[in-house]
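Student: Hi! Could you walk me through this chain while I have it open in the viewer?
Tutor: Happy to, let's take a look together.

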Amino acid sequence: LDGLNIVLGGTTAGARNVLAVNGSEKVSVMTACTQCIPATGNLIQGNYIGTDATGTVRPLFDSGTGVFLAAANGNTIGGTTPAARNILSGNWMAGVELAGGSENNLVQGNYIGVDVTGIQALGNHGTGVTFGTEYYDQNHVHYTGAWCPNNTIGGEAPGAGNVISNNTGGGIGIAGLGSHAMYNVIAGNLIGTDATGLIAMGNTGDGISMTATAASNTVGGTDPAAANVIAYNTGNGVNIDSGAVVGSNNIIANSIYSNGGTGVRVTTSTNNKVSQNRIYSNGAMGIDIDATGVLANSACQANTSGANLLQNAPVLTAGSGATFVSATATDPWGNTSEFSNCVATTLTGNVLNIAGTLNSKASTAYTIEYFSNAICDASGHGQGQVYLGSSTVTSSGSCDAALGNALDLTKADLAVTNSWTDSSPSINMAVGVSSVVT
């Protein structure tokens, strides 16, 4: 699709295309040369891309990517209704690839790696959705350094989320290779489950991976509809290895559980905020900063040479009782720590009492977030099954801040804390608290 406002497929009976067994991409949306009409405003809906006409079988001898966008702006793949949904499954490479120069594109409501029923695996051999890769046009103009910003995978509207599961190369890859993959939003998706959110159908590799120059991207959001479910993937739930000095990626209010590796791993870059997520039952630590394993605090956080400036974690004081609590600390620039030590916490009447300290940079305000857990992680540091709330503390000139917080359970929201039901037997054992009384 080298042009404007072209419709491929549609939502009415008989509009569907079945595209498979092509030599390379099934659909290319691209500005083919610097003098060409820009590939803008095109709509791809209701197609089976990578499957047979039933939407349940991968044809033999298939190759290539499902939908490939390059230097393409403002295009839509899918939609919020079942009729608009594309089945992007069974492709030899990625389900969807957005290359350098692609901006403001929308990928929503699709099945990427599952069949038309949404409950049977039919994975792509590559990544479910990948973007930020290099691109050469037909005149061999190299779009290196081109921006790949402001693309949305999913969304907050009903039906906008994609199912991105069972793909061999991982769920979503923000590569930033040869382009600046920035300001992209991943919201409302099921990454590693079937369409019901009940059946494990993890991607091989990370649920979401950010590498090269990926920066200022957002996974989830403060609106409940923006939350992603990132579960059952064989690697990490989210892996940030962007290499950028300032990553500034935001992982906000998602459910990240039962992944084979870490819930959220920040290998390189700084200012990566991990906030209000439900992170639990992962094979490794809930949050892992810099080197693998528990990060030792440094006095006054003197050691800052590493991911997220090696932000110190709080140290909680153990109480008694059946409720286990952990915490994180985030500095004013968005550098989030690993989970603190996980301790039993004393319940007095309706009040959950939390005590501890944070030793970090002097005279600095920190946001402390608290999480309850049915059990403590084997590492002794987290994870964080239910987000309880937050408070702000300011360290003294000698670098210390006392944590003395009382969570009033009479203000608790006793409803199920996640709109998706998962298979964890302890999902409803912890109490979600709506506010913190300091």
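Predicted model: local features only at pLDDT ≥ 70, side-chain atom pairs only at ≥ 80, totals over all residues.

**A chat about the fold**

Student: Noted. How much of the chain is buried?
Tutor: Buried residues account for 56% of the 438 residues. The chain exposes about 15700 Å², and 57% of that comes from carbon and sulfur atoms.

Student: And what about contacts between residues at least 6 apart in sequence, how many of them join residues at least 24 apart?
Tutor: That share is 77% of such contacts in the chain.

Student: Let's talk sheets. What order do the strands of the open sheet come in?
Tutor: There are nine strands in this open sheet, ordered β1-β5-β9-β12-β16-β20-β23-β26-β29, with parallel pairing. At the edges you find β1 (7–9) and β29 (273–275); each has a single partner strand, so one side of each is left without a neighbour in the sheet.

Student: How much are neighbouring strands turned against each other?
Tutor: On average by 5°, ignoring direction.

Student: Can you zoom in on one pairing? How many bridges join β23 to β26?
Tutor: Three bridges join them, and the two strands run parallel: β23 covers residues 218–220 and β26 covers residues 250–252.

Student: Switching to the inside. Which residues touch the most other members of the largest nonpolar core?
Tutor: Those are I172, I208 and I251, in a core of 44 residues. As general background, nonpolar side chains tend to be buried together in soluble globular proteins.

Student: What is I172 in contact with?
Tutor: Setting aside neighbours within four places in sequence, I172 contacts T127, V129, F131, I153, I164, I186, I191, G207, I208 and S209. There is also a second, separate core of 16 residues, which includes L358, Y366, Y370 and L388.

Student: Which residues is N167 in contact with?
Tutor: Leaving out neighbours within four places in sequence, the contacts of N167 are I112, G113, G123, N124, G126, T127, G128, N203 and T204.

Student: Last topic, aromatics. How many aromatic pairs are there?
Tutor: The count comes to four aromatic pairs. One of them is Y232 with Y257, an edge-to-face pair at 5.6 Å centre to centre with 85° between the planes. This pair links distant parts of the chain, 25 residues apart: Y232 lies in the loop between β24 (229–231) and β25 (238–246), while Y257 lies in strand β27 (residues 255–257).

Student: Why do you call Y232 and Y257 buried, then?
Tutor: Buried means under 20% relative accessible area. Y232 qualifies because its value is 17%, and Y257 qualifies because its value is 1%. Y257 also pairs with Y280, and that pair is stacked, with 5.2 Å centre to centre and 15° between the planes. Here, too, distant parts of the chain are linked: Y257 in strand β27 and Y280 in strand β30 (residues 278–280) are 23 residues apart.

Student: Is Y280 buried or exposed?
Tutor: Y280 is buried, as is Y257. Together, Y232, Y257 and Y280 form one aromatic cluster.

Technical notes. Residues numbered from 1 in each chain as written. Heavy atoms only, no water. Contact = heavy atoms within 4.5 Å. Buried < 20%, exposed > 50% of the residue type's maximum accessible area, 1.4 Å probe, protein only. Areas by Shrake-Rupley, 256 points an atom, 1.4 Å probe, with all protein chains shown as cover. Pairing = 2+ DSSP bridges. Helix = DSSP H or I, 4+ residues; strand = E, 2+ residues; numbered from the N terminus. Axes fitted to C-alpha atoms, helices over the stretch in contact; angles between N-to-C directions. Core = buried A, V, L, I, M, F, W, Y, C linked by side-chain atoms within 4.5 Å. Phe/Tyr/Trp six-rings, centres within 6.5 Å; stacked < 30°, edge-to-face > 60°.
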